[in-house]
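User: Can you walk me through reading the aromatic contacts in a model like this one?

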Amino acid sequence: MMMRAVLRPLAVLSLAVLLGACTSPAPKKAVVAPKPVPVSQPVVVAAPDPDAVVQSDAALPTPVFDEQYHGPDQGSLESVTALFARGYLESALRETMLAAVQTDYPLLGMRDVRMSDPVSKFLSSPKASQLANDYLRAGVERRLGHSLSTGQWQQIWQGLPKQGRVSDWTLQLKRVLAGR
């Protein structure tokens, strides 16, 4: 019996501990501070380009740029008559004067010929004057679409102001081509 007397308080004590453990509040979780949210920059989406070319699956070959000029040489009779035919009289006269001056000074280029330059600068020799005469006659005939008689051309050539500027010759040839 003695054992029962010792076991009984022990059983009561164990029962109290178990009941206490069951009725005690749950352990509190540790409080964690919230992480700061990083401020991000707004995302900017580029507007679609309406002129953009949409590529297909197969890429197109890149065109090869050819730097070589395939037309008539600058200052040649073919170039001058082609410019007259298209109505580019200023360019035709500049190329005529370039061709004329290159008979005496072959190293000069197109940037040395300006519309405000005096014609006498380019027609400094009989050879240069004859070349300009031939080029202009061929150009005017091409623009008019028919040949001119020698008398008609001499009248036009004599009407060009020999002491004038290249621009004066352009105006005079425009009048001739307009029929005035």
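**Aromatic contacts**

Analyst: One aromatic cluster is formed by Trp153, Trp157 and Trp169. Keep in mind that the model is predicted: local features need pLDDT of at least 70, side-chain atom pairs count only at pLDDT 80 or more, and totals for chains, interfaces and linings use all residues. Residues are numbered from 1 along each chain as its sequence is written, and side-chain values use heavy atoms, with hydrogens and water left out.

User: How many aromatic pairs does the structure hold?

Analyst: A pair of aromatic rings is described by the distance of the centres and the angle of the planes. Rings of Phe, Tyr and Trp (its six-membered ring) pair if their centres lie within 6.5 Å; planes under 30 degrees apart are stacked, over 60 edge-to-face, and the rest tilted. There are two aromatic pairs here. Trp153 and Trp157 have ring centres 6.3 Å apart and planes at 35°, so that pair is tilted. For Trp157 and Trp169, the centres are 5.5 Å apart and the planes at 85°, so this one is edge-to-face.

User: Which helices do Trp157 and Trp169 lie in?

Analyst: Helices are DSSP runs (H or I, at least four residues), numbered from the N terminus. Trp157 lies in helix α5 and Trp169 in helix α6 (residues 166–178), so their pair ties together parts 12 residues apart in sequence.

User: Is Trp169 buried or exposed?

Analyst: Buried means under 20% relative accessible area, exposed over 50%, and partly exposed in between (1.4 Å probe, protein chains only). Trp169 has 0% relative accessibility, so it counts as buried. Trp157 is buried too, at 8%.

Notes: Helix = DSSP H or I, 4+ residues; strand = E, 2+ residues; numbered from the N terminus.
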